Amino acid sequence: MGASILAGRDRMDLDNGMRLRLLSALEVLQARREAEELAQSDRERALCSNACLLSRALETQEGEPVFSSGREVLAGLRVEEIAALAGTWSRFNREENPGLAMEAEQAENVKKK
């Protein structure tokens with residue numbers, strides 16, 4: 001993914017030697033579509049969505065994907081790990097991709113980056 005016009009960093013190092021990267025809109029859509037195929041019920045949708053998102057966002061320090069699919073994430077990580085990593089990604093995404101409804105002062109700070 002190319003650098004966003006609004007985003008600061010596009011990758012975040014994790015304590016375990018891996019990193020999370022921000023995703024393009026297309027990658028998020030692809031993750032959602034994959035999750036719809038995996039989820040067997042409404043109760044499974046959030047877990048599958050997070051797993052599919054992480055399959056695209058979690059990478060090695062060399063930039064290689066750690067998992068090839070959401071199914072692989074579900075097979076390789078515990079529910080708690082998926083939830084924690086997805087939460088970390090979500091916070092990182094909100095910090096680096098400010099919303100369009102940001103205040104004027106926040107917009108000026110983004111321009112200065």
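Predicted model: local features only at pLDDT ≥ 70, side-chain atom pairs only at ≥ 80, totals over all residues.
The protein chain contains five helices and three strands. Along the sequence these elements are arranged in the pattern β-β-α-α-β-α-α-α. Of the 113 residues in the chain, 33% count as buried. Contacts between residues at least 6 apart in sequence were also examined, and 57% of these join residues at least 24 apart.

Two packed helices are described by the angle between their axes and the distance between the axes. For helix H2 (residues 42-57) and helix H4 (residues 79-96), the axes come within 9 Å and cross at roughly 65°. The crossing of H2 and H4 is left-handed. On the H2 side, the residues in contact are Leu-47, Asn-50, Ala-51, Leu-53, Leu-54 and Ala-57, and on the H4 side they are Val-79, Ile-82, Leu-85, Ala-86 and Trp-89. Sorted by class, this contact comprises 10 nonpolar residues, one polar residue and no charged residues.

Rolling a probe the size of a water molecule over the atoms shows where empty space is left. The largest pocket in the model has a volume of about 160 Å³. Its lining is formed by Val-28, Ala-31, Arg-32, Ser-49, Asn-50, Leu-53, Ala-86, Trp-89 and Ser-90. Helix H1 (25-38), H2 and H4 are the elements that each give two or more residues to this lining. By class, the lining residues of the largest pocket comprise five nonpolar, three polar and one charged. Asn-50, Leu-53, Ala-86 and Trp-89 take part in the contact of H2 with H4 and also line the largest pocket.

Technical notes. Residues numbered from 1 in each chain as written. Heavy atoms only, no water. Axes fitted to C-alpha atoms, helices over the stretch in contact; angles between N-to-C directions. Helix = DSSP H or I, 4+ residues; strand = E, 2+ residues; numbered from the N terminus. Left-handed = near helix turned anticlockwise from the far one by under 90°. Contact = heavy atoms within 4.5 Å. Nonpolar A, V, L, I, M, F, W, Y, C, P; charged D, E, K, R; others polar. 1 Å grid on protein atoms, 1.4 Å probe; cavity = no way out; pocket = protein on both sides within 12 Å on 5 of 7 lines; lining within 4 Å. Points joined across faces, edges and corners; volume = space filled by probe spheres on them. Buried < 20%, exposed > 50% of the residue type's maximum accessible area, 1.4 Å probe, protein only.
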